[in-house]
Amino acid sequence: MALTTLYMPKSKLIGLLIFVFTISAISVSNDGDPVAKTMEDFSGYPTSESESCSSGSLSSLSVDTQSLQRQIEELSSFSDSPAPSVTRILYSKKDVLARSYVKKLMQLAGLSIREDVVGNIFGKWEGFNSELAGVATGSHVDAIPYSGKYDGVVGVLGAIEAINVLRRSDFRPERSLEIIFFTSEEPTRFGISCLGSRLLAGSEPLVSALKNTVDSHDISFFEAARSAGYAQDQDDLTSVFLKKGFYSAFVELHIEQGPILEQEGISIGVVTAIAAPASIKVDFEGNGGHAGAVLMPQRNDAGLAAAELALAVEQHVLESGSIDTVGTVGILDLHPGAINSIPSKSHLEIDTRDIDETRRNNVIEKIHQSAVKITKNRKVQLSEFKIVNQDPPAASDESIIKAMEDASKELNLTHKLMISRAYHDSLFMARVSPMGMIFIPCYKGYSHKPEEFASIEDIANGVKVLALTLAKLSLG
């Protein structure tokens, strides 16, 4: 692919970002090349372009919305559940197909590709100053069972389209631009969220834990990785680690997964901070018995202990005094699980989050105190109270916030500053480099369900803001 390069001093960045060039997109016919034609049909992008450009004037960037929408639909077909839902589990056959699809799109965008031993995929556009740290963007495409087609995907396919937008505008970055396809943002298979980005951020505890980690079918992490073509010759995952400062900036495009932008009619959310998540596993043990024969005063009901703790979680969260404190009992299992049997065992998994780490940790301590009190009152045992993860919050970098705000203003898009209550790979990339996130509206705030939806117009707005932000950061 041959492209004319525009060099411009930093002082003229504003002029650059208006993009005074348009592409006269004349594709070379691939009728005689069935492989090239298949690639074009598969991706929605031509595999060759004319070198000629016609000059003109644009008030906004040009996003190929038709191709982008087609790619979103195509990627959603790699699923282990029927449409409109999407199920794409780490290292499954559908996950491998999705990876292959994204890598083809990266190649068509002119990116050089590398993969690490756990399957983080990197697509790089080399900048003209290789001595400077690059600028990264990206997200994930794995999907929890029966979820939607936009979570993460917008940040991967949208990033590829942002690169194409810049290429079509004859822009050339000073700092290299790199797209990251993160492995396993969702915790579905091995119970570990943001697995790929945690490793990139240098998590030694995770490296140790993965040596003994198995899924629900007793398949080890390394066995699963090797089935997908990764970690073939090594069990040492420290090669994935990135040094702090490896990138000069990281920016993630994502659907909001909440209703605020849609309700307020705002196009862009500029994320200022990501809430700190913590996960807790709790197990109670009682005596069990026959539902009819054991009288109420003699019962040691592990199920009621779990129910009481679930209500205590809600109480402690509400008592924090902040709207930003949230808590959820997402899993509650009873054993033996029969209608006529008093539960002898119960298992809860609790998620609590806040942008204030101290306040969140206070809630965790109160939950633990309640669990201990419940065991005494109900004469059951607290066999486990385990804090699985207790991650700190992350603040977006001020210079990246400014770049995202400036890009929104220059595109005449409404925007607001907001926090992310869901956590993302950006939370861990903040340990590698300065970080920022761009949110776009999604229908009723729905996510992690088949009804998840973002309009192509909102996606295109996000792509434009991402493209301008990357341009600013690459020349900064």
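Visitor: By class, what residues make up the lining of the largest cavity?
Guide: In this predicted model, that lining has 3 nonpolar, 4 polar and 4 charged residues. Here Ala, Val, Leu, Ile, Met, Phe, Trp, Tyr, Cys and Pro count as nonpolar, Asp, Glu, Lys and Arg as charged, and the others, Gly among them, as polar.

Visitor: Which residues line the largest cavity?
Guide: Among them are Arg88, His140, Asp142, Asp151, Glu186 and His448. A cavity is a set of points on a 1 Å grid over the protein atoms alone where a 1.4 Å probe fits but cannot get out, and lining residues have an atom within 4 Å of a point.

Visitor: What volume does the largest cavity have?
Guide: About 40 Å³, a volume being the space filled by probe spheres set on the points, which are joined across faces, edges and corners.

Visitor: Changing topic, is Ala249 buried or exposed?
Guide: Ala249 counts as buried because its relative accessibility is 3%; buried means under 20% relative accessible area, exposed over 50%, partly exposed in between (1.4 Å probe, protein chains only).

Visitor: And what does Ala249 contact?
Guide: Beyond neighbours within four places in sequence, its contacts include Gly134, Ile400, Pro434 and Leu473, where contact means heavy atoms within 4.5 Å.

Visitor: How far apart in space are Ala249 and Ser399?
Guide: They are 9.5 Å apart, C-alpha to C-alpha, and 150 residues apart in sequence.

Visitor: Which conventions apply?
Guide: Residues are numbered from 1 along each chain as its sequence is written, and side-chain values use heavy atoms, without hydrogens and water. Local features need pLDDT of at least 70 and side-chain atom pairs count only at pLDDT 80 or more, whereas totals for chains, interfaces and linings use all residues.

Note on methods:
1 Å grid on protein atoms, 1.4 Å probe; cavity = no way out; pocket = protein on both sides within 12 Å on 5 of 7 lines; lining within 4 Å.
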